[in-house]
Amino acid sequence: MHRGLQQRLADMESRQAEYVEKLDAALDAARTGIFKLARELHRDQEARKRVFTELKTTGVELGKSCVKPELQSAKDDLRANMQTLLKQEAAKLQIALDTR
C-alpha cells in the first residue's frame, strides 16, 4: 500500500510539473505577445507624431505661401482706404473750419 501511495504521489508530482511547464510556456507566450503589442503601439504612436508634425509643417508653409500674401494685400488695401478716408474727412473738416 505504501508503494502504491508513493507511485500515485510521484504521478501527481509529474502531472503538476507538466502543468507548471505548460503554464510557464503560456506566460512566456503572453509576455512575448504583450511585448510585441507594446512595440507596435509605440511605432504607431511615433508614426502619428510624425504625421501630425508633417501636417502642422504643411499648414504653416501653406499659410506662409497662400494666406499671408492675401492678408498682407487686404491689410495694404485697408490702410490705403483708411488713408483716403482720413484725407477726405480732414479736407471736409478744414473746409468747415475755413467757412466759420
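Let's start with Leu 85. Leu 85 counts as partly exposed, because its relative accessibility is 46%. The cut-offs: buried is under 20% relative accessible area, exposed is over 50%, and partly exposed is in between, with a 1.4 Å probe and protein chains only.

A word on the source. This is a predicted model, where local features need pLDDT of at least 70, side-chain atom pairs count only at pLDDT 80 or more, and totals for chains, interfaces and linings use all residues. Residues are numbered from 1 along each chain as its sequence is written, and side-chain values use heavy atoms, with hydrogens and water left out.

Where is Leu 85? Leu 85 sits in helix H1, residues 2-98. Helices are DSSP runs (H or I, at least four residues), numbered from the N terminus.

Ala 25 is in helix H1 too. From Ala 25 to Val 67 is 42 residues in sequence and 61 Å in space, C-alpha to C-alpha.

Now, salt bridges. A salt bridge is a side-chain nitrogen of Lys or Arg within 4 Å of a carboxyl oxygen of Asp or Glu. How many salt bridges does that rule give? The count is 3.

Take Asp 28 and Arg 31. Their side chains meet at 3.2 Å, N to O. Both lie in helix H1, 3 residues apart, about one turn. Asp 28 is partly exposed at 43%. Arg 31 is exposed at 53%.

Next, Glu 46 and Lys 49. Their closest N and O atoms are 3.5 Å apart. About one helical turn separates them, because they are 3 residues apart in helix H1.

Last, Glu 89 and Lys 92. This salt bridge is 3.5 Å, N to O. Glu 89 is partly exposed at 44%, and Lys 92 is exposed at 52%.

Notes. Helix = DSSP H or I, 4+ residues; strand = E, 2+ residues; numbered from the N terminus.
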